[in-house]
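Here are my notes on the model you sent over.

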Amino acid sequence: MDARRLLLLVGALLVAGITAFMARTLVLGSAAPAAGAMAPGAPAAAAAAPVNTTEVLVAKRALPVGTILDATALEFRPWPKDLVEGAYYVRGQSEPAKLQGAVVRFAVPAGQPVTQGALVKPGDRGFLAAALGPGMRAVTVPVSAQSAVAGFVFPGDHIDLILTQTVSGDGPPLRASETVLRNLRVLATDQRTDKQTDDKGKTVVTAYSTVTVEATPKIAEKIAVAQTVGTLSLSLRSLADTQTDLDEAIASGAVSVPDDPKKEKAFLARATSRPQDDSDSYVTGADVSRFQRRTVPATQGAPSGMAAPAPAMVNSAPVAAQPIGTVVRVVRGSDASLVPVGGKN
């Protein structure tokens, strides 16, 4: 082999080596960004970032009509720019914090954008009417700091209504307290329909003198009467209590759930927020102190602990009431009378 051929062979090997090195560098350089994008702990969305989208405010869960919005109801999600309507809440142009306390006027399915026309903000015309469910009424109850759980009841909470009264009569009066209504939804405290927050977003507890609740027409009448009978107090309900009550009603057969899954979901949503007036929970003075009464005080002339008996009946005709004490019933033919012991016949 001559020198010329040897030189060409060495040059070809050198060019092939340089070409292979450059190809390897290009391959490794293009693969590095892909590996970094799929590194452990990185979000999956980073590997395939959405193109031509913007973020709009959507419902995190189904929002029925009358829902009072809180911090957990809405969030921003990517949405195609071509489908963005002018009524949507777009990131950078709106703040979700300012929508807290607003009421849903039209139902919004989960995952769907919230439109400006679907919400009624506090202070807007018709706000309270929009907050009411179909067939419901708004009733205002006067309260104090003591009877309103020291101000820890906020719009959107559910409460029980407790009536405390004193029944007078001969002797010591009867003091009694009973839960007359349950699961009432709070619509407003004084004129506020949302929670008041500070600069750090923390809820501010303030005192108020009235609470407006949602009720059926019949329950609204009961609340109006209860205010004249005695003193009303609020009892704040746990979020789990409503579901427990509903489960018990379904198990007992008092509530029938539709077979259609879609209708069942809507039915359960309405049932859990429905106020109830079938409570039989009560406490009398004797349940608290041995020196208090357990029964209604006796009327005038009746022994302590007894109510005056109904007039005696003879042959379907009432007999004139006699002084109450230790008596003997004397019958003469068709006539009967009550004679006190020691009295004259």
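Predicted model: local features only at pLDDT ≥ 70, side-chain atom pairs only at ≥ 80, totals over all residues.

1. Residues are numbered from 1 along each chain as its sequence is written, and side-chain values use heavy atoms, with hydrogens and water left out.

2. On the overall picture, buried residues make up 28% of the 345 residues; buried means under 20% relative accessible area, exposed over 50%, and partly exposed in between (1.4 Å probe, protein chains only). Of the contacts (heavy atoms within 4.5 Å) between residues at least 6 apart in sequence, 63% join residues at least 24 apart. The accessible surface is about 22100 Å², with 58% of it belonging to carbon and sulfur atoms; the areas come from the Shrake-Rupley method with a 1.4 Å probe, and for residues only the protein chains shown count as cover.

3. Take a look at Ser-235, in strand 9 (residues 231–236). Ser-235 counts as partly exposed because its relative accessible area is 26%. Not counting residues up to four places away in sequence, Ser-235 touches His-158, Ile-159, Asp-160 and Ile-162. The C-alpha atoms of Ser-235 and His-158 are 8.7 Å apart, although 77 residues separate the pair in sequence.

4. Which residues touch the most other members of the largest nonpolar core? They are Leu-184 and Ile-223, out of 21 residues. A nonpolar core here is a set of buried Ala, Val, Leu, Ile, Met, Phe, Trp, Tyr and Cys residues joined through side-chain atoms within 4.5 Å. Elements giving two or more residues to this core include strand 6 (158–167), strand 7 (174–189) and helix 3 (217–229). Helix 3 supplies the largest share, 4 residues. There is also a second, separate core of 15 residues, with Ala-59, Leu-69, Tyr-89 and Ala-102 among them.

5. Ile-223 sits in helix 3 and is buried, because its relative accessibility is 0%. Beyond its neighbours within four places in sequence, Ile-223 is in contact with residues including Val-139, Leu-161, Leu-184 and Leu-232. Leu-184, for its part, touches residues including His-158, Val-213 and Pro-275, again not counting those up to four places away.

6. Strand 7 also holds Arg-182. Is this arginine buried or exposed? Arg-182 counts as buried, at 17% relative accessibility. Its side chain makes a polar contact with the side chain of Gln-276 at 2.7 Å. Such a contact is a pair of N or O atoms within 3.5 Å; within protein, one must be able to donate a hydrogen and the other to accept it, and residues adjacent in sequence count only if both atoms are side-chain atoms.

7. Two backbone angles deserve a glance. Most residues other than glycine have a negative phi. Asn-183, in strand 7, has a positive phi of about 60° and is buried, with a relative accessible area of 0%. Val-149, in the loop between strand 5 and strand 6, has a phi near 55° and is partly exposed at 28% relative accessibility.
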